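Here are my notes for you to read alongside the model. Keep the picture open and look up each residue as it comes.

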Amino acid sequence: MAMTQQEILAGLSEIIDEIAGVPADEVTPEKTFVDDLDIDSLSMVEIAVAAQDKFGVEIPDDQLKDLKTVQDVVDYVGRASVSA
Amino acid sequence: MRTHQGSAGARVLAFGGYQPARVVTNDELAASVETSDEWIRSRVGIASRRLAGPDETVADMAVAAAGKALAGSGLSPADIDLVIVATCTPEVMIPNTAAIVARRLGIGAPGAYDLNAACAGFCYALAAANDAVRAGSARHVLVIGAEKLSQWVDWTDRSTCIIFADGAGAAVVGPAEAEEPEAGIGPVVWGSDGDMADKICIKDRNSFIFQEGQAVFRWATTALHPIAKQACAEAGVDPTELAVFVPHQANLRIIEALARKIGAPQAKVASDIVTAGNTSSASIPLALSRMIERGELGSGDKALLIGFGAGVCYAAQVITLP
């Protein structure tokens with residue numbers, strides 16, 4: 001069953017808190033990872049790996065570089081989990 | 001026809017390490033490429049690294065580290081009958097580094113070969129030494145990891161010049177008798193994946209080290225902890241029994257991620273990269289020798305080693321410290 005955007009956002013917030021120590025209430029859809037949340041490229045890889053474990057959606061490196069905001073990841077996971 | 005019969009087991013008798021004199025700080029690098037101390041510390045965990053002098057060779061560094069290991073073992077050069085040098089940065093392709101090192105240490109006419117498994121090289125060489133002693137093709141083996149990566153680094157490439165460094169580490173491996181089952185070198189768990197050959201490479205003899213950082217980071221933080229745990233299982237050592245975890249000193253964030261995943265919260269974790277940089281095949285014996293010198297580890301301690309790098313190649317084993 002497809003996850004709702006809210007479910008994905010909640011799950012993603014947990015991952016970001018765990019890996020980068022950013023509190024969940026700061027992880028809002030319009031935030032950019034690099035500039036707003038101060039998350040670097042290596043942490044993005046860790047987030048992608050954790051997202052794969054949690055959502056069953058693989059985010060390869062060549063896709064990952066295009067995911068700039070929290071909403072980008074939510075959309076990517078949403079689309080991929082629907083088509084899976 | 002007769003076949004050889006070796007020793008019941010093999011163990012490390014002593015470690016030795018060598019670092020070149022020149023300390024290069026992050027601020028010094030930041031003066032020539034666009035980077036900063038804060039950026040380097042947060043991305044790779046390095047505060048400073050050591051670089052060889054212009055005339056200092058891989059063999060020079062190997063001799064220095066191996067000389068210390070040999071002295072620590074209490075053996076004489078005449079006792080050594082095999083020398084293996086793990087390196088991916090030899091001065092020249094022929095003659096090999098091992099024969100030069102052996103001659104300079106006064107070791108008679110040992111078997112001598114170089115081995116290239118990049119940053120996994122020391123663990124590959126240790127496995128080869130273990131096998132040689134157990135099979136009877138050698139009795140005492142000098143195992144050396146030595147690198148001069150600085151000569152293969154593009155000093156204008158800020159993604160690699162902040163990481164790689166120079167140094168050497170060595171171990172003397174000798175027989176362990178059946179009555180010392182606790183002293184030994186555990187079974188190696190090793191492998192490779194040539195599909196990732198282009199992720200870390202020197203493309204040709206006119207090129208410098210290239211690394212696709214994110215891809216390597218993803219591989220290192222997802223594929224390797226099962227290998228490390230399998231090495232523990234093969235050795236019959238529970239991760240909670242480990243005194244120290246010594247992964248290849250590639251990047252402090254890889255080291256910390258691996259350490260979290262192997263299930264050994266009590267174990268010390270080697271973090272020599274902070275002041276040594278990434279010295280490829282030298283990093284594991286160099287880190288161990290420095291921890292032993294500082295009195296952080298004791299004889300009989302169990303250490304889990306895992307080397308990993310270009311190829312990609314990887315190898316892990318549990319050893320008992322001398």
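1. Some housekeeping. This is a predicted model, where local features need pLDDT of at least 70, side-chain atom pairs count only at pLDDT 80 or more, and totals for chains, interfaces and linings use all residues. Residues are numbered from 1 along each chain as its sequence is written, while chains are lettered from A and ligands numbered from 1 in the order in which they are written.

2. Start with helix α1 of chain A, residues 5-20. Helices (H or I, at least four residues) and strands (E, at least two) are DSSP runs, numbered from the N terminus. From first C-alpha to last, the 16 residues of α1(A) reach 21 Å, close to the 22 Å expected at 1.5 Å a residue (that is, 1.5 Å times one less than the number of residues).

3. Which residues of α1(A) are buried? They are I8(A), L9(A), L12(A), I15(A) and I16(A). They sit on the same side of α1(A) because they cover an arc of only 125 degrees around the axis, going by the directions from the helix axis to the C-beta atoms. The face turned away from that side carries the exposed Q6(A) and E18(A). (Buried takes 20 or more other C-beta atoms within 10 Å of a residue's own, exposed 12 or fewer, partly exposed in between; C-beta atoms are placed from the backbone.)

4. Now chain B. Its domain assignment gives domain 1 (9-176) and domain 2 (189-320), with bounds from an automatic or database assignment. Their centres, taken over C-alpha atoms, are 15 Å apart. In all, 45 residues of domain 1 of chain B are in contact with 42 of domain 2 of chain B (contact puts the C-beta atoms, placed from the backbone, within 7 Å).

5. The largest nonpolar core has 145 residues. Such a core is a set of buried Ala, Val, Leu, Ile, Met, Phe, Trp, Tyr and Cys residues joined through C-beta atoms within 7 Å. Helix α5(B) gives the most to this core, 10 residues. Domain 1 and domain 2 of chain B both give residues to this core, so it lies between them.

6. Leaving out residues up to four places away in sequence, L304(B) touches several residues, including F245(B), V246(B) and V318(B).

7. Last, how many residues does each chain put into the contact? Chain A gives 7 and chain B gives 8. On the chain A side, helix α2 (residues 41-55) gives the most, with 5 residues.

How values were computed
Contact = placed C-beta atoms within 7 Å.
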